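Please read it alongside the sequence and the model.

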Amino acid sequence: MGNILFLAGVTLTIGINPAIQFFTKRQNFKGTISFGLGFLLVVFGWPIFGLLLESYGFLVLFSGFWPTLAVFLQRIPLLGWLLQQPYIRSLLDRYRGRRVPV
């Protein structure tokens, strides 16, 4: 049920044609196929493997949004202070690739 609502939410948020274009972009094929196969595994009775595959597909599909999310989280007062600590910042920089000015 959650998978169907996720796809419906994406489609309603950005529109039908942009959603189709987003999921069928060449660079998003790996994420789209992983998410779809994970959904099928859940439907056919393999929920743990399906959820793992769906999670991977979700991370790959929306990997371009993580820097934007990191900037947003850094602007939240207490969470921003926590994310600015040296150890956590170096960990985030390793996955982000470069620092985004706050």
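## Contacts around Phe62

Leaving out residues up to four places away in sequence, Phe62 touches Phe6, Val10 and Phe22, where contact means heavy atoms within 4.5 Å. The model is a predicted one, in which local features need pLDDT of at least 70 and side-chain atom pairs count only at pLDDT 80 or more, while totals for chains, interfaces and linings use all residues. Residues are numbered from 1 along each chain as its sequence is written, and side-chain values use heavy atoms, with hydrogens and water left out.

Phe62 also belongs to the largest nonpolar core, whose five residues are Val10, Phe22, Phe23, Leu61 and Phe62. Such a core is a set of buried Ala, Val, Leu, Ile, Met, Phe, Trp, Tyr and Cys residues joined through side-chain atoms within 4.5 Å; buried means under 20% relative accessible area, exposed over 50%, and partly exposed in between, with a 1.4 Å probe and protein chains only.

## Asn28 in its loop

Asn28 lies in the loop between helix 2 and helix 3, helices being DSSP runs of H or I with at least four residues, and strands runs of E with at least two, numbered from the N terminus. With a relative accessible area of 6%, Asn28 is buried. Its side chain reaches the backbone oxygen of Phe22 at 2.7 Å, and, apart from neighbours within four places in sequence, Asn28 is in contact with Phe22, Phe23 and Leu61.

| helix 2 | Ala19, Phe22, Phe23 | Asn17, Gln21 | 90° |

The arc is taken over the directions from the helix axis to the C-beta atoms. In helix 2, Ala19, Phe22 and Phe23 are buried, and because they fall within an arc of 90° as seen down the axis, they line one face of the helix. These buried residues of helix 2 pack against helix 1, helix 3 and helix 4.

The 15 residues of helix 3 should span 21 Å at 1.5 Å a residue, and its end C-alpha atoms are 21 Å apart, which agrees; the expected span is 1.5 Å times one less than the number of residues. Just after helix 3, Gly45 takes a positive phi of about 100°.

## The annotated spans

The unreviewed UniProt entry places the feature "transmembrane region" at residues 6-24, 31-49 and 55-73; its positions are given in the numbering used here, feature names are shortened, and annotations may be inferred rather than shown by experiment. In the model, residues 6-24 are 95% helix and 0% strand, with end C-alpha atoms 17 Å apart. Residues 55-73 are 79% helix and 0% strand, and the end C-alpha atoms of that span lie 21 Å apart.

Notes
A polar contact is a pair of N or O atoms within 3.5 Å; within protein, one must be able to donate a hydrogen and the other to accept it, and residues adjacent in sequence count only if both atoms are side-chain atoms.
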